[in-house]
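Subject: Structure handover

Dear colleague,

Here is the structure I promised. Please have a look at it first, then read my notes below.

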Amino acid sequence: MPPRPAKVAITAHGLRVGDREIPIHAGAMHYWRLDREAWRPAMKELHALGLPIVETYVPWQVHEIAPGNYDFGRVDPKKDLRAFVELAQELGLFVFLRPGPHINSEMTWFGLPERIVYDKACQARSPSQGPVVLAFPPRMFPVPSYASRTYFTEVARWYEAVADEVRDLIYPNGPIVLLQVDNEASYYFRDAPYDQDYHPDAIEQLRDWVIARHGSIEEAARAHRASYTKREDITPPTRFEPTEGTEERPAWDALAVHLDWAAFREDLITRAIKEFKEMLANVGLTGVPTTHNLPLGEISSPTSLPDLEDVVDLVGLDYYHARREHRVVKRRTLYLAGTSRLPIAPELGVGAPPWFTPLSHEDSLYTAMVAYAYGLRGMCLYMAVDRDRWYGAPIDAQGNPRLEAAGWKRLIHALETTAFHTLVRRTPVAILLPREYMRLSRATHLLGPFTPVTVEAIGMSPVEASSEDELGFEGPIQVLWWKMVARFAEALSARNVPYVLLDGDVPEARLRSFRAIIVPSFDFASPQRWRAITQFAADGGLVVHGPAMPRLDETFTPRPFEVPRDAQRVLVDRDEDAFAAVDALIARAPELVLDVTASPSAIEVTVHEDGRGAPRVIFVMNPTKEAVRAVVTRSGAWGDSGTGHSWKLEDRMSGERFTFGTSVELSLPAASLRMLEVIEGPREDAREMGRTG
Amino acid sequence: MISSDVRIQGFDARAFTNLVSLFAPNVVFRQERDPADSDAPEHQAAGHAAEDDARGESPERDGSLVVVVSKAGNVRKAFHTVHGRVRDLDFPGFDRLEGLPEMYGAKRVIALREGSLEDLFARASSRMHREDDYVAQVLHVIRAIREEMDEGRIVVHPRPFPSVPLPTPQLVRRTLDSVLPDDRSFVLAVWRGHSLWTAAILRRRAGEIDWIAGPDQLLAWTGPLGGDWRRDHRLVSQAAAEHVAPVHLGLYGDLRSVRRLLRSREAGAWAKAVASREVILHPTPPYVAVALGADAARRVAQKSSAMFGGGLFGGFDPLRRLAPVLGVLRNRVGEVASVTQALGFDPLKLLAQFLQRVDPVEANEGEEGSDVSRVEEGRYGEADAESVVYSFDREDAANEGEDHDPLARTSIPYADLDADELDSAMRGLEDDVDDSTNEGEEALDEDVDGPATGEREGTRERGDD
């Protein structure tokens, strides 16, 4: 079936549907978990929250009643997917459909039929060819392989069944405007480097990948310091066991095979998502943007967000955080804002599954607002409507709004009426996260199935479980690169310089949107990326890098690396070094500093501007456990220049109004924030800023 | 134990958090600990505390770990779960970990030989079968952990698990049979003021917990409640029976009382609260009656001991009060002991611990923390070792290193008793408990605490009801 021309597209701000642009504000509602009578009131309440899109998974496990035999409502009315989508259309909602195959959603087999997870041909394999078991309640189960051809064949049948139900309901014929491909593709949280996947189909893919990457089997052998003579000689490493190293053959000489394995595992996921997407298109589920979502732990993830965005239109991050994790939310959003095409949260946790540490309503709302403060531009409330194995949704399972719905309604209304999705947070500085170092950190992970993603997701450093081996370098690069990132993040924040985190895999063109880039650089680096950095510097961008100049490529072969023009090379051994480097950077480009500051120092401020550069929304955040009287001050281009002209601010959650002269004093309870709309700003005669609400 | 189709529904965030906070207060409090004051929490950990300040007392020592990964005697990684990376850790070897928790401000140290976690998961995975339920799966994992520990590949100091045999899934199921039989429900409903604060209804079907319903669900069945929990509890119980399953055990009360009881170590606290209707337990299955009886006996023994200066329960003979049930138990000691030994743990003790989960702060400063009660506990320990008939498996308890814990001695077995026999004994016991509690309380209150108030008022209320 030839693809139809796109009537729905991702824009810089949201979703273009026909001739309208709407923000991606969605709410999750699982039709098969609700009584049919509850569908209509629940959907109405979801709409009343201000959400234009209803999102749902389509669970293979639920619809398949026997192999190849599906119930889409003939037996159980709750399973009538088509009726659900048509009801959404009747009520004026768009639909975001997520047909899996993996959906998690606290289903016992993560949405897969039990026969699939126990089909050995479908299962991922450990190094010893055993199953790879995920320890989730209420049943631990062997996870499927992202390489298994048998699995793909089964998924194709499933997609065909889904398509038969809703193919003709894709926009413009129906309300479906977004399709998600699979879910949280991180090897089902068994993501440790040598956990999986040693499935025979994966090993075949590896061989092709290695030969393609290095150009020939001979070059692959050279890179891996191995004696490959034929394709079958290429085998995956099963454990990281560094050698002692000698002067002639340092320990790093044996690293390429591990970095290749880590890179291959990223590629394996990307290819699987690509194939799933093609399979969806083949059955007629096409013509609207596709998405994917990554779970917590994205820095440690064996998945490349930029690579995935080459395959699907949009990749977002899922958020499930308590208020005390303010800075984790901040860091994750800065990574998303720097790296993704459009920063969205396909799952912004409202409530949580019962098996994890409890989250309160306040936690969820605070997390959403902090994420918006740091650059989020779209979200799906997960869950908007309550369901089995979940607590805390703003709408109960009968379709009644809970008390908590009011807070969400206010926030969504504020986002809508400020056209927040169209605003821009200027971030002139990027800290680059080189993929080769991320891969080394994963390859040297020492806690096995207590995986890197798990370690990061519970709030520890992404490199916390990486070894301390120096591997023949002057220090453990797998740990030090992150330490440098963290020190610069600290210094930039302290100096009020807005920044983002930039995945090393982003397209080169993305670099041009920054004034300055900070690049951890050690003995080895990706030559391709380094060329991008030197080009950025040649074009006038500011580069801060260090502590070393690279001299080896990713196969640990010596090669020349050009010094970026006017680059500032730094040795960041202490926190003060990062502060000094940032001060030097500011001296070269004073415009990097935000013109709105806050005191005391724990208070954070972000400013979101409209297309003309006028401030429209200011977030003021108090992440501490103490109530604070904060003073926010404006200066520079946004100062009053002695005119005495004041801005007028309105807290969009509380309704309070403030006059912002040179400064404004705000009370902030513990772990709280204010979303302040600038209703009269720095424009001539303080005219009304064109509020839409 | 948990059905693969388990339904958990009907909780808003507050009701769920409230429920968790009752049984695991630290889990909820942990969410409220200080946020990081650095832009990158891991940086703060790595940059300051761990490397510079880890050697020394940490306010966050509770629950924190030092994890050491070692290969051939060399430390390949060490980190503190709160403070992060620990450089240049002074590792004395796998068999000399005693000083490390103190040295690095952690509750425990876990030393891992490199590769042990991978092997542990491989072991557990290889034993799992498709038909295993979650309990069987967890037991596979625990067994694999123990094997790794027994082989010295994983060393934890102090060792968290006692060296008791692991139960089989069948034995766990049999235990559950007694606690919550098939097609029966357990109801917990807690009020705060006039509002339902949290609630949970559990149902067991086909041997497994298959439904956990929360307050939303409950209120949909009952309609608005009146606000007087002593009256409302009947509506709750009826709704559970009608919509879920006949109620096997129900616990109803206001937040203050339930929270206090769940965290109380005070002997007799539960028996007293039930007798005075501070909380309502209804219905009261035999095992709960036994537990309450034991609880009352402990209370009586303690008070008696305190009153008369120690010795064999002072002048008070709890055996007389417990005579009906103890008569039954004496005849069954052999059978029951075998169950406990086979299980490797005492189900009732677990229940008692469950009911008396202790908040570490409150345990030191709570309402039972007076000097008098501390002295009493010590004396009770002496008396118990000699005489308490219902602690016939104290040898097991001693082996488990739990002889400091009076709860370890409340091991009254129930699983194999004839139901009629036990019910009859229990009825006698319940009456006796009421009498003995009140008698003991009155005597003590007059002599030690002054005139009694609450308990006797509660008793009157029960009579009036």
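Contact here means heavy atoms within 4.5 Å. This is a predicted model: local features need pLDDT of at least 70, side-chain atom pairs count only at pLDDT 80 or more, and totals for chains, interfaces and linings use all residues. Residues are numbered from 1 along each chain as its sequence is written, chains are lettered from A and ligands numbered from 1 in the order in which they are written, and side-chain values use heavy atoms, with hydrogens and water left out.

**A buried leucine**

Start with A:Leu81. It sits in helix 3 (residues 81-90) of chain A; helices are DSSP runs of H or I with at least four residues, strands are runs of E with at least two, and both are numbered from the N terminus. Its relative accessible area is 0%, so A:Leu81 is buried (under 20%; exposed is over 50%, partly exposed in between; 1.4 Å probe, protein chains only). Beyond its neighbours within four places in sequence, A:Leu81 is in contact with A:Tyr31, A:Val58, A:Phe72, A:Leu97, A:Val162, A:Glu165 and A:Val166.

**Aromatic pairs**

Rings of Phe, Tyr and Trp (its six-membered ring) pair if their centres lie within 6.5 Å; planes under 30 degrees apart are stacked, over 60 edge-to-face, the rest tilted. The count is 46 aromatic pairs over all chains. One is A:Tyr70 with A:Trp158: tilted, 5.9 Å centre to centre, 45° between the planes. A:Tyr70 is in strand 7 (residues 69-70) and A:Trp158 in helix 5 (residues 149-166) of chain A, so the pair ties together parts 88 residues apart in sequence. Both residues are buried. Ring pairs also link a cluster that includes A:Trp109, A:Phe110, A:Tyr118 and A:Phe356.

**The interface**

Now chain B against chain A. In contact are 64 residues of chain B and 68 residues of chain A. The buried area is about 5,700 Å², with 53% from carbon and sulfur atoms; this is the accessible area (1.4 Å probe) that two parts lose on being put together, summed over both. Nine salt bridges are counted between the chains (a side-chain nitrogen of Lys or Arg within 4 Å of a carboxyl oxygen of Asp or Glu). One of them joins A:Arg402 and B:Asp216, at 2.2 Å, N to O. On chain B, strand 1 (residues 2-9) gives the largest share of the side that touches chain A, eight residues.

Best wishes
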